[in-house]
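Open the model in your viewer and keep the selection tool at hand. The tour goes from stop to stop, saying what to select and what is there.

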Amino acid sequence: MCPINNGNERIQSNKSSMLSREEIQAIESWISQIGDYHIFTTTQQRIVTAKNTLKFKYKIIGHGFNRIVYDLNNGYILKVALSEVGLIGNANEAYLYNNCTEEVQKYLCPVKEFGTGWLIMKKLATNIPQAIMEYPKLIELQFIFLSYGIIPIDLRLANVAFSEDNEMVVIDYGLFTMDLKSPVLRWGF
Ligand SMILES: Nc1ncnc2c1ncn2[C@@H]1O[C@H](COP(=O)(O)OP(=O)(O)OP(=O)(O)O)[C@@H](O)[C@H]1O
Ligand SMILES: [Mg+2]
């Protein structure tokens, strides 16, 4: 497991028990290019370039605007940043998961390990129809996070999944913050 930083620093040791040295190097190569992309480059263009740079054998299980997500086929998924916001999101998820209380942790998808621009998380079942049925639970979750001093920015149905015991769990909490001085808020997302 990589050391935990304060969520704003980008320097982490890039060691993994699941990714090979070559895979880490491919991620480093991709991450080093992120800054070259103009802010108006589309997500689709970034995905194509990321895929071609990473050349992973893993299946893509999903993506958002900021991260591409691979299924590691061992019960875990790998999120690789597609943008600066994705870099912050990965660091923020690792920080939040490792620094919140146990009461909060049970609503967050567990982070296994992370490095610069990447993060490995438990794979959970994403089932939007079921999530729609449980819309009141989503609202309840907003209040739960707020009651623990966490602002759940971007908490929506596409960003939740279900645990083995069918509890709603957040899989994308990259923009959540415990800190009102967070870059997430400064950037105005
Ligand atoms: N832990 C997980 N288990 C299973 N699938 C996941 C997991 N995390 C992410 N995914 C899949 O990958 C997609 C994108 O992940 P995520 O929402 O974290 O990316 P993002 O780029 O931060 O999204 P956004 O556009 O909201 O910023 C999810 O909608 C989901 O389909
Ligand atoms: Mg998302």
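Start by selecting Asp154, which is partly exposed, with a relative accessible area of 30%. Here buried means under 20% relative accessible area, exposed over 50%, and partly exposed in between, with a 1.4 Å probe and protein chains only. Asp154 sits in the loop between helix 6 and strand 6. Helices (H or I, at least four residues) and strands (E, at least two) are DSSP runs, numbered from the N terminus. The phi of Asp154 is near 70°, a positive value in a residue other than glycine. Most residues other than glycine have a negative phi.

Before moving on, note that this is a predicted model, in which local features need pLDDT of at least 70 and side-chain atom pairs count only at pLDDT 80 or more, while totals for chains, interfaces and linings use all residues; side-chain values use heavy atoms, with hydrogens and water left out. Residues are numbered from 1 along each chain as its sequence is written, and chains are lettered from A and ligands numbered from 1 in the order in which they are written.

**The whole chain**

Now show the protein as a cartoon. Its secondary structure comes to seven helices and seven strands. Along the sequence these follow the pattern α-α-β-β-β-α-α-β-β-α-α-β-β-α. Of the 189 residues, 48% count as buried.

**Ligand 1**

Which residues come nearest to ligand 1? Of the 22 residues around ligand 1, they are Phe65, Arg67, Lys79, Lys122 and Arg156. A residue is near a molecule if one of its heavy atoms lies within 4 Å of it.

A polar backbone atom of Asn66 is 2.9 Å from an oxygen atom of ligand 1, and a polar backbone atom of Leu124 is 3.0 Å from a nitrogen atom of ligand 1.

Strand 1 (59-63), strand 2 (67-71), strand 3 (76-81) and strand 5 (118-122) each supply at least two residues. Strand 1 gives the largest share, three residues.

**The magnesium ion**

Select ligand 2, the magnesium ion. Which residues coordinate the magnesium ion? They are Asn159, through OD1, and Asp172, through OD, at 2.2 Å. The two residues are 13 apart and link distant parts of the chain: Asn159 is in the loop between helix 6 (135-147) and strand 6 (160-162), and Asp172 is in the loop between strand 7 (168-170) and helix 7 (183-186). Donors are N, O and S atoms within 2.8 Å of the metal (3.2 Å for Na, K and Ca), and water is not among the atoms, so sites may look incomplete.

Is Asn159 buried or exposed? Asn159 is buried, with a relative accessible area of 5%.

**Leu155**

Select Leu155, in the loop between helix 6 and strand 6. Leu155 counts as buried, at 8% relative accessibility.

**Glu164**

Go on to Glu164, in the loop between strand 6 and strand 7. At 64% relative accessibility, Glu164 counts as exposed. A polar contact of 3.0 Å joins the side chains of Glu164 and Lys122. A polar contact is a pair of N or O atoms within 3.5 Å; within protein, one must be able to donate a hydrogen and the other to accept it, and residues adjacent in sequence count only if both atoms are side-chain atoms.

Select Asn73, in the loop between strand 2 and strand 3. Asn73 is exposed, with a relative accessible area of 66%, and has a positive phi of about 65° although it is not a glycine.

End at Gln45, in helix 2 (residues 43-54). Gln45 is partly exposed, at 44% relative accessibility. A polar atom of the Gln45 side chain lies 2.8 Å from the backbone nitrogen of Thr42.
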